[in-house]
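Welcome, and thanks for taking a look at this one. Below is a short briefing, grouped by topic, to read alongside the coordinates.

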Amino acid sequence: MTLHLRKQLVSILACGATCLTAEVGFSQQPIVTFSNQPSDITISRHIYGHFAEHLGRCIYDGFYVGENNTTVQHTAGVRNDVVEALRKLNIPNLRWPGGCFADTYHWKDGIGPKESRPAIVNTWWGGVTEDNSFGTHDFLDMCELLGAEPYLAGNVATGEVQELADWVQYVNHGGRSPMADLRRENGRDEPWDVKYWGVGNEAWGCGGNMTPNYYADVYRRYATFMADWNNSGGIFRIASGANSGDYNWTETLMKNIPHHLLEGVALHHYAVIDWSNKGPSTTFSEEQYFRTMKSAWHMEELVRKHSAIMDKYDPDKNVALVVDEWGGWYDVEPGTNPGFLFQQNTMRDAMIAGITLNIFNNHAARVRMANLAQTINVLQAVILTEGEKMLLTPTYHVMEMYKVHQDARLIPVEVQTGVYKFGDEEVPAVSVSASLDSLGNTHISLVNIHPTEEQRVTVNLDKTYGKVEGRVLTSGDLKDHNTFEHPDRIQPAVFNDAQLKDKMLDVRLAPFTVVVLTLHGS
């Protein structure tokens with residue numbers, strides 16, 4: 001997606017048989033144009049993935065309440081309400097067990113009788129004791145409940161090559177082998193056939209403070225023994241990738257790792273104001289809001305530049321860019337454990353989600369997997385729990401609205417937009433992505449991040465559509481959020497401000513609003 005910061009009507013790019021021209025602009029408002037000529041690029045459903053780390057109350061008291069819990073309805077200790085909510089998102093994949101925790105996790109500690117499993121100290125997150133009651137079988141069985149593909153993050157910092165190779169054998173081998181036989185002894189006959197594997201996490205930091213050259217050699221060694229010579233099992237190995245704008249890291253990996261050993265390269269970027277002063281999650285100022293939006297928009301530049309480096313070494317785009325950690329990161333809620341990273345989720349987070357998912361959609365030729373951090377009770381969560389109570393956050397609702405893009409054909413989008421300006425700085429005010437689904441319906445997701453100004457969008461169509469339907473997520477205040485006392489304060493509603501008139505579509509976007517429109521044929 002190309003961004004042009006100017007306030008004038010522009011012509012559409014590269015139209016095919018069918019074209020849409022969207023004009024946004026009245027009273028100096030932004031201008032947006034896009035084409036609805038479908039490409040041959042599919043927006044992978046795996047862009048809409050999630051992340052569950054052994055961190056705070058994400059696993060314990062989030063996903064997992066224990067088999068003996070009598071107050072929360074569950075299946076094998078996993079909350080039924082969580083399963084139902086995530087299935088409604090069409091959750092495609094779930095990353096586990098970390099994060100930083102992954103490089104201190106030894107998977108054999110989490111199998112066998114629970115009373116016999118050794119405990120460890122979670123040195124990364126709060127110094128709490130981890131009893132390993134939720135392990136490999138628990139996670140992979142939960143993924144089957146969710147209908148999601150598991151994404152296992154392997155330990156390359158404190159683990160050994162044999163340990164990761166054994167884990168692959170344990171969960172994937174269908175014949176006779178020591179690890180497959182051990183799996184059967186622990187109650188699982190058939191393998192889970194796990195496809196997605198991370199080879200370490202943040203090797204530049206908590207995963208070992210490695211240099212890119214050193215990690216590239218480490219990766220080659222581990223990846224060699226995770227599969228046979230031809231990778232006949234079809235596993236998808238993901239290298240620990242760059243921290244935000246560390247382009248040298250991506251360059252080194254793409255140059256030094258043979259591509260037959262590499263299916264994906266990760267990227268991590270959080271919408272953070274200042275790592276030493278992240279600010280509150282609900283009582284933020286407009287300046288803090290602007291800084292967050294600027295950091296969220298930075299994802300566009302990061303994806304574009306990392307993709308360009310990958311294109312140099314992989315012009316056919318065989319290696320995926322996997323943004324397996326993204327989201328907003330603020331100070332923890334007052335009175336909570338600083339190591340648990342619990343934060344509330346406001347309309348600001350809905351803006352982050354809408355912008356970021358549009359960026360991923362528009363770069364779907366290279367971005368083929370991503371994971372929001374994190375699923376429950378940690379960072380930009382889609383679900384919060386408290387005892388028997390559960391609520392869905394504004395971020396959840398954005399992802400549910402956007403699920404129409406999963407596995408749809410990308411409609412190339414150019415956004416030519418005005419700006420949301422604060423002081424001497426500015427960011428684009430409007431974000432857009434579009435797709436065509438298998439039924440022939442066109443879906444358009446629009447985000448207005450401006451905190452005070454409405455945007456008006458006029459769409460000129462070169463064919464007549466039968467009808468337009470829409471859903472909107474907004475609220476009365478940018479700081480609004482769902483609470484356990486008022487869990488439905490923010491939820492999607494029918495959008496009535498999109499009107500078809502012959503070959504014209506008029507759309508009005510309120511401030512800090514996410515809208516998803518569906519255009520049906522004539």
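A disulfide here is a pair of cysteine sulfur atoms within 2.5 Å. With that cut-off, a search of the whole structure turns up one disulfide. Please keep in mind that this is a predicted model.

**Cysteines**

- The disulfide is formed by C100 and C206, with 2.1 Å between their sulfur atoms.
- This pair ties together distant parts of the chain, 106 residues apart: C100 sits in the loop between strand 7 (93–96) and strand 8 (120–122), and C206 in the loop between strand 11 (196–199) and helix 5 (212–224).
- The disulfide of C100 and C206 is left-handed because the torsion about its S-S bond is about -90 degrees.
- Both C100 and C206 are buried.
- C143, for its part, is in no disulfide, as its nearest cysteine sulfur, that of C58, is 12 Å away.
- C58 has a relative accessible area of 0% and is buried; C143 counts as buried too, at 2% relative accessibility.

**Backbone features to check**

- As background, most peptide bonds are trans, and most residues other than glycine have a negative phi.
- W96 and P97 are joined by a cis peptide bond with omega of about 5 degrees, and P97 is placed in the loop between strand 7 and strand 8.
- Another cis peptide bond links A373 and Q374, where omega is about -10 degrees; Q374 lies in the loop between strand 15 (367–372) and strand 16 (383–386).
- N209 is a residue other than glycine with a positive phi, near 50 degrees. You will find N209 in the loop between strand 11 and helix 5, where its relative accessible area of 63% makes it exposed.
- L341, also not a glycine, has a positive phi near 55 degrees. L341 belongs to the loop between strand 14 (320–328) and helix 8 (347–362), and at 8% relative accessibility it counts as buried.

**Helix 3**

- Helix 3 (residues 161–172) has 12 residues, which at 1.5 Å a residue should span 16 Å; its end C-alpha atoms are 17 Å apart, in agreement with that.
- Is helix 3 largely enclosed or open? Of its 12 residues, 10 are buried, so helix 3 is largely enclosed by the rest of the structure.
- Among the buried residues of helix 3 are V161, L164, W167, V168 and V171, along with E163 and D166.
- Packing against the buried residues of helix 3 are strand 7, helix 2 (136–146), strand 10 (149–154), helix 4 (178–185), strand 11 and helix 5.

- Six strands make up an open sheet with antiparallel pairing, in the order 18-22-23-29-25-26.
- Strand 18 (409–411) and strand 26 (493–494) are the edge strands, each pairing on one side only.
- Seven bridges join strand 25 (residues 467–473) and strand 29 (residues 513–520) in the antiparallel sense, with E469 standing opposite T518 in strand 29.
- Helix 9 (residues 394–402) packs on the sheet and touches strand 23, strand 25 and strand 29, its direction making about 165 degrees with that of strand 25.
- Helix 8 lies across strand 18, strand 22 (430–436), strand 23 (442–448), strand 25 and strand 29, and runs at about 50 degrees to strand 22.

Key:
Residues numbered from 1 in each chain as written. Predicted model: local features only at pLDDT ≥ 70, side-chain atom pairs only at ≥ 80, totals over all residues. Heavy atoms only, no water. Helix = DSSP H or I, 4+ residues; strand = E, 2+ residues; numbered from the N terminus. Buried < 20%, exposed > 50% of the residue type's maximum accessible area, 1.4 Å probe, protein only. Expected span 1.5 Å × (residues − 1). Contact = heavy atoms within 4.5 Å. Pairing = 2+ DSSP bridges. Axes fitted to C-alpha atoms, helices over the stretch in contact; angles between N-to-C directions.
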